[in-house]
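Here are some exercises to work through with the model on your screen. Try each task before you read its solution.

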Amino acid sequence: MFDYLFSTSGDIIPLILRITAFVVIFPHGAQKLLGWFGGYGFKGTYGFFTGTMKFPGILAVLIILGESFGPVLLLVGFLTKFAAASITIIMIGAAILAHRQNGFFINWNGNQKGEGYEFHILAAGLLIALVVGGAGVYSVDFNLIGKF
């Protein structure tokens, strides 16, 4: 189990993927947890998920924490496969439950009622590559391989 969880190569490409995932996903998590970047913070996001979306409270908490701390784990390359898989599930859930009705495209011109699921598919693809390939070089996972 530990061998698979931390397995990776010494390749640099996953480092690029991890940094990219952090840059594009962390701000969304910070909106949900901290209220940064125009977000509603934990209380507002929790209320939206449990009230409007009718999610169970534990699921709301897992989404908020996963989207907030998962990118940080990716950045340092610790538990990369777990973090990437967790965020992938969040992205697929968001695409299906919150963005599907708005179509495929991001709302570049303000012509739609909301955002499409284009971003979520792109993010999921990037994250699945990390689930399959691991953290790569310059990661905590890479340094732990020899210890298990």
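Buried means under 20% relative accessible area, exposed over 50%, and partly exposed in between (1.4 Å probe, protein chains only). This is a predicted model, where local features need pLDDT of at least 70, side-chain atom pairs count only at pLDDT 80 or more, and totals for chains, interfaces and linings use all residues. Residues are numbered from 1 along each chain as its sequence is written, and side-chain values use heavy atoms, leaving out hydrogens and water.

**Exercise 1.** Find the buried residues of helix H4 and the helices they pack against.

*Solution.* Start with the helix: helices (H or I, at least four residues) are DSSP runs, numbered from the N terminus. In H4, the buried residues are Ala60, Ile63, Ile64, Gly66, Glu67, Ser68, Gly70, Pro71 and Leu74. Next, look for contacts (heavy atoms within 4.5 Å). The buried residues of H4 pack against helix H2 (13-34), helix H3 (41-52), helix H5 (80-99) and helix H6 (118-133).

**Exercise 2.** Check the span of H4, then locate its bend.

*Solution.* The expected span is 1.5 Å times one less than the number of residues. H4 bends by about 30° at Gly66.

**Exercise 3.** Describe Ile25 in H2.

*Solution.* Ile25 is among the buried residues of H2. H2 bends by about 35° at Ile25, and Pro27 follows within four residues. Leaving aside residues up to four places away in sequence, Ile25 touches Glu67, Pro71, Ile87, Ala123 and Leu127.

Technical notes. Helices (H or I, at least four residues) and strands (E, at least two) are DSSP runs, numbered from the N terminus. The bend at a residue is the angle between axes fitted to the seven residues ending there and the seven starting there.
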